[in-house]
Amino acid sequence: MDRRKFLKTAAVGATASAAFTTNLYAKTTKTLKICLSWPKTLPIMGEGALWFAKRVEELSGGSLKVKIFGANELVPALGVFDACSKGLIDGFHSGPYYWKGKNMAFSLFSAFPFGMVSDEVEAWFDFAGGMDIWRELYARYNLIPFRGGNTGNQMGGWFRKPIKSLADLKGLKMRIPGLGGEVMARLGVKPVNIPGGEIYTALERGVIDATEWVGPSLDLIMGFQKVAKYYYTGWHEPGTILELTFNKKKFERLPKEHQAILEAASREMHSRIFNEFQYQNAIKLQELLSGKYDVVLGNFPDDVNEAAKKATQEILNEYANKYKDFAMVYDNIKSFFPKIRKWTDTLPKWYLDIRDKGFIVD
Ligand code: CA
């Protein structure tokens, strides 16, 4: 191409590019208010939401902005669902199981005891109908959900006294939301649901005897190791989904490209949060194992695990009989879970079992 022709082509290209940019971004700058059920300074989750806001602004060339409000800044930590449903705010970052009082089926979108692990649940949402039914049910509340992070396997929790057998759970007051709390209730525990920011004080003052939160990644930052000595692995949240949910009408009024940007940025945030949980769990577990804290790390005794699994199956059956929406979601899970479990058992589980613990050590 001669120079003259090149310049002409380049000029046409530049004009076309400018026109494209103008078409795409010549919108009035819009700012969305998104509220969190946790402090915006909370590592991984709060910081993940702040990262999302930055990413949306970058992707939209500044035509779409997101302002993040931490728990209780604009609305109470657990008031975000109602505020968003009514259109008082544009969106929220939280966990679906907090809303089981509105519809028991919502707890199944977070996680359920002895249920799917992270990669299994991701497949369920994207390809086995999970996301479709979640959106169908949230639409009744004028909401449209996206995934807002996956925590990976969660620890069973912190206890002020050791759990040596099922009998030790009787009468304990424990902060544990969702179906995990329902299961614990059948094992004699009194479950309570309090927001993250209030757990430490409740545990320190003995208002509660135990709490679960997430895993070493966040639990050590919360300081639970200072007020509870016994830390157990768990089965209650094997791969928990967080939500980034928008007011449906407000979302649908946004230009299509802004809707796509929110979806793309939420995907990025979702995987970023999951990856950071995995990373921080590995790092903070080392800190926990270093002997720096007076903490006993262990597993629940077998009788607790067996009773919990039995109670989980009872609850799933009972709720499926009692609640129509719960039955719809549970039926969907039942049609997929055994298949993905078979695959996981066939290769990933086998691989993890044979992986040499002495292989690549630092
Ligand atoms: Ca949890």
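The model is predicted: local features need pLDDT of at least 70, side-chain atom pairs count only at pLDDT 80 or more, and totals for chains, interfaces and linings use all residues. Residues are numbered from 1 along each chain as its sequence is written, and side-chain values use heavy atoms, with hydrogens and water left out.

Glu 212 sits in the loop between β8 (210-211) and α9 (216-222), and Glu 237 in the loop between β9 (230-232) and β10 (241-247), so the pair ties together parts 25 residues apart in sequence. Helices (H or I, at least four residues) and strands (E, at least two) are DSSP runs here, numbered from the N terminus. I found both Glu 212 and Glu 237 buried; buried means under 20% relative accessible area, exposed over 50%, and partly exposed in between, with a 1.4 Å probe and protein chains only.

**Strands**

I counted two strands as paired if DSSP finds at least two bridges between them. Six strands make an open sheet of mixed pairing, in the order β7-β6-β8-β5-β9-β11. Its edges are β7 (190-192) and β11 (296-298), each of which pairs on one side only. Strand β6 (173-175) pairs with β7 in the parallel sense over three bridges, and there Met 174 stands opposite Pro 191.

I then looked at β3 (91-94), where Gly 91 and His 93 on one side and Phe 92 and Ser 94 on the other are all buried. β3 runs parallel to β1 (30-36), joined by three bridges, and pairs with β10 in the antiparallel sense over four. His 93 is the bridge partner of Leu 36 and also stands opposite Leu 244 in β10.

I placed Leu 143 in strand β4 (143-150); Leu 143 is buried at 0% relative accessible area. Its C-alpha is separated by 36 Å from that of Ile 283, 140 residues along the chain.

**Cysteines**

I took a disulfide as a pair of cysteine sulfur atoms within 2.5 Å, and the count comes to zero. The sulfur of Cys 35 has its closest cysteine sulfur in Cys 84, at 8.5 Å, which is too far for a bond. Cys 35 is buried at 1% relative accessibility, and Cys 84 is buried at 0%.

**Largest pocket**

I used a 1 Å grid over the protein atoms alone: a pocket is an open set of points where a 1.4 Å probe fits, with protein on both sides within 12 Å along at least five of seven lines, and lining residues have an atom within 4 Å of a point. Grid points are joined across faces, edges and corners, and a volume is the space filled by probe spheres set on the points. The largest pocket comes to about 1,600 Å³. Of its 44 lining residues, Val 117, Ser 118, Asn 153, Pro 238 and Leu 352 lie nearest the centre. The largest share of the lining, ten residues, comes from α13.
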